[in-house]
Amino acid sequence: MASNAIIQYTSSSSSLPTHIYDVFVSFRGEDTRNTFTDFLFHSLRTKGINVFKDDEDLKKGESIAPELLQAIQVSRLFIVVFSENYASSTWCLRELAEICNCCETSPSVIIPIFYDVDPSVVRKQSGRYEKAFAEHEKRFGEDEVKMEEVQRWRQALTQVANISGWDIRNNLTRRSAQETCIVIN
């Protein structure tokens, strides 16, 4: 059961003083903030898991990027909620690349959740993911540094999509999302 894995991992890692959050959730707000992700946050917190939530834990008036990156760096476990528009967000992709960087430098776990998107679409970057990357490449095409960042995003997507996770497709209703969070928890 996923919740037992999360609880066991966060409990056994509690001796690490550099971690402030048990869990960091990366998600595309417009796709899942008021549905699945909201229930996920609630379920994790109900279990006593300290989870970073951007609209609550970011300080007002602070720059978003450094605060998010810092929250990733001080988290023990990562849940990535892939959805239809995840790859269209440069913020989501930057978070994902930073999550992968953190996992290379310290023992961390990534749990991918494929919310209303086929895991192979994420892994192969086809469909909406292909279109999103075409837009990123068009936008950053003249900037070599930005294009290298786009390549890191592609690698991060492939890396995380290759991890066994949860595939919860078929336009989940609010009740189904809630039930799924209970199972995860």
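## Cysteines

Cys92 has a relative accessibility of 4% and therefore counts as buried, a word used here for under 20% relative accessible area, with exposed meaning over 50% and partly exposed in between (1.4 Å probe, protein chains only). Cys102 also counts as buried, because its relative accessibility is 9%.

How many disulfides does the protein have? The count is zero, where a disulfide is taken as a pair of cysteine sulfur atoms within 2.5 Å. A disulfide is a covalent bond between the sulfur atoms of two cysteines. For Cys102, the closest cysteine sulfur is that of Cys103 at 6.9 Å, which is too far for a bond.

## Basis of the model

The model is predicted: local features need pLDDT of at least 70 and side-chain atom pairs count only at pLDDT 80 or more, while totals for chains, interfaces and linings use all residues. Residues are numbered from 1 along each chain as its sequence is written, and side-chain values use heavy atoms, with hydrogens and water left out.

## Overall structure

The protein has ten helices and five strands; these are DSSP runs numbered from the N terminus, with helices being H or I of at least four residues and strands E of at least two. Of the 185 residues, 47% are buried. The accessible surface comes to about 9,600 Å², and carbon and sulfur atoms hold 47% of that surface; the areas come from the Shrake-Rupley method with a 1.4 Å probe, and for residues only the protein chains shown count as cover.

A contact means heavy atoms within 4.5 Å. Among contacts with a separation of 6 or more, 77% are between residues 24 or more positions apart.

## Helix 6

Helix 6 has 16 residues, which at 1.5 Å a residue should span 22 Å; the end C-alpha atoms are 23 Å apart, in agreement. The expected span is 1.5 Å times one less than the number of residues. Buried residues of helix 6 include Cys92, Cys100 and Cys102, along with Leu93, Leu96 and Ile99.

Ser89 caps the N-terminal end of helix 6, with a side-chain oxygen 3.3 Å from the backbone nitrogen of Trp91. This is a polar contact, that is, a pair of N or O atoms within 3.5 Å; within protein, one must be able to donate a hydrogen and the other to accept it, and residues adjacent in sequence count only if both atoms are side-chain atoms.

## Loops around helix 7

Asp116 and Asp118 are both in the loop between strand 4 and helix 7. Asp116 is not a glycine, yet has a positive phi of about 60 degrees. Asp118 is partly exposed, with a relative accessible area of 27%, and its side chain reaches the backbone nitrogen of Ser120 at 2.7 Å. Asp118 and Asp167 are 49 residues apart in sequence, and their C-alpha atoms are 7.3 Å apart.

Gln125 lies in the loop between helix 7 and helix 8. Phi of Gln125 is also positive, near 55 degrees. Gln125 is buried, with a relative accessible area of 8%.

## Helix 9

Which residues of helix 9 are buried? They are Glu149, Val150, Trp153, Ala156, Leu157, Val160 and Ala161. These residues cover an arc of only 120 degrees around the axis, so they are on the same side of helix 9; the arc is that of the directions from the helix axis to the C-beta atoms. Glu144 and Gln155, on the other side, are exposed.

The buried residues of helix 9 pack against strand 3, helix 6, strand 4, helix 7 and helix 8. At the start of helix 9, a side-chain oxygen of Asp143 reaches to within 3.1 Å of the backbone nitrogen of Val145.
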